[in-house]
Amino acid sequence: MKKNILLIATGGTIASQKSEHGLAPLIQAKEILSYIPDVSGFCNPDAIQLCNIDSTNMEPCHWKNMVKAIRDNYDKYDGFVLAHGTDTMAYTAAALSYMIQKSRKPIVITGAQKSIDLEITDAKTNLLDSFCYAADENSQGVQIVFGGKVIAGTRAKKIRSKSYNAFDSIDFPFLAMIQDGRIMRYIPTVPFEEEVTFYEEMNDNIFLLKLIPGISPKGLRFLFEQYDAIIVESFGVGGIPASVADIFYGLHETYPDKIIIMATQVAHEGSDMTVYEVGNKIKKECKFLESYDMTLEAVIAKTMWMLGGKMLKKWELEQIFYKKINYDLIFDPHV
Ligand SMILES: NC(=O)C[C@H](N)C(=O)O
């Protein structure tokens, strides 16, 4: 029997047309479907419009609306395809990986580098591939389908701003590749036994501090006062420059429960603060959590999600942060 697949359109280049001030999302969900009539050959497609925005404007409130739309339609459809801008797609894929867990019904996020109404575009192939993946018996969970690759929702990163080949899977194999409607799986599907769980609360009161050589520690106190968690994007495997470390020690005494997470600016292989003196001591004394092999997008989304529910103690948060969800972490931190 043919599967019922719901397209949830949110905007992005895939839906964009020229406006007075540049490309802007204008094409509506049903019209997007009309560009890919072939999907009706293998599934029953349907479409709804959630918003029509450039993904630059994507916010946690939109993720909440996506979760609600999927939850409200969960019994009616067998799979979901979200059409989304590419710029923040990796964040949305990570966010939905935490907000919708153990879904037997696949949730596929896709988009394009060129609008669907252009003669030469990647939009139709990406959409066709996404419907094909969403309608396949062995698909589940949250993933991006783009440029013929299927990437776990927590592992995607936009690595090219213009080419069709815009996304990569960081430190984790592609789940599958898709070519001419054929799916080649690299990671076998182990069907979820538990029921799907939906979470709608995200705490976006977090701050990402990118370190640069010679960074001035001015303003750190303000960040500690204002934000519930601070993610520090440092160099290499992770460390804090001496000029900043003293301030951190002082602030940790005043705010011992503040969540501080070390991530790295290096694209591959992740963090390990214990290797160098510049990271080891401060990690222990200020009780830093660290990203290890999680992507920055996953760390940000996971932090928002874990702080989104009820107030938890720091040690409970630590356990949740290192819990493996949708392939986000391979390293074993031995908490
Ligand atoms: N290719 C794209 O979709 C880029 C667009 N600015 C967006 O993220 O909405």
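This is a predicted model: local features need pLDDT of at least 70, side-chain atom pairs count only at pLDDT 80 or more; totals for chains, interfaces and linings use all residues.
Visitor: What makes the radius of gyration of the protein agree with a compact globule?

Guide: For 335 residues, the globule rule gives a value near 20 Å, and the protein has 21 Å, so the two agree. Along the principal axes, the C-alpha atoms fill a box of roughly 65 × 50 × 30 Å.

Visitor: And what is that fold built from, in helices and strands?

Guide: The protein holds nine helices and 18 strands. Of contacts between residues at least 6 apart in sequence, 71% join residues at least 24 apart.

Visitor: How do you know whether Val-278 is buried or exposed?

Guide: Exposed means over 50% relative accessible area. Val-278 has 52%, so Val-278 is exposed. Its place is in helix α7, which spans residues 277-286.

Visitor: Which residues form a nonpolar patch with Val-278 on the surface?

Guide: Val-275 and Tyr-276 do, and together with Val-278 they have about 310 Å² of accessible area. The protein exposes about 15,600 Å², with carbon and sulfur atoms supplying 52% of that area.

How values were computed:
Residues are numbered from 1 along each chain as its sequence is written. Side-chain values use heavy atoms; hydrogens and water are left out. Patches are made of residues with over 30% relative accessible area and no salt bridge: like charges are joined within 9 Å, nonpolar side chains (Val, Leu, Ile, Met, Phe, Trp, Tyr) within 5 Å. Accessible areas come from the Shrake-Rupley method with a 1.4 Å probe; for residues, only the protein chains shown count as cover. A salt bridge is a side-chain nitrogen of Lys or Arg within 4 Å of a carboxyl oxygen of Asp or Glu. Helices (H or I, at least four residues) and strands (E, at least two) are DSSP runs, numbered from the N terminus. Buried means under 20% relative accessible area, exposed over 50%, partly exposed in between (1.4 Å probe, protein chains only). The radius of gyration is taken over C-alpha atoms; the globule rule is 2.2 Å times the number of residues to the power 0.38. Contact means heavy atoms within 4.5 Å.
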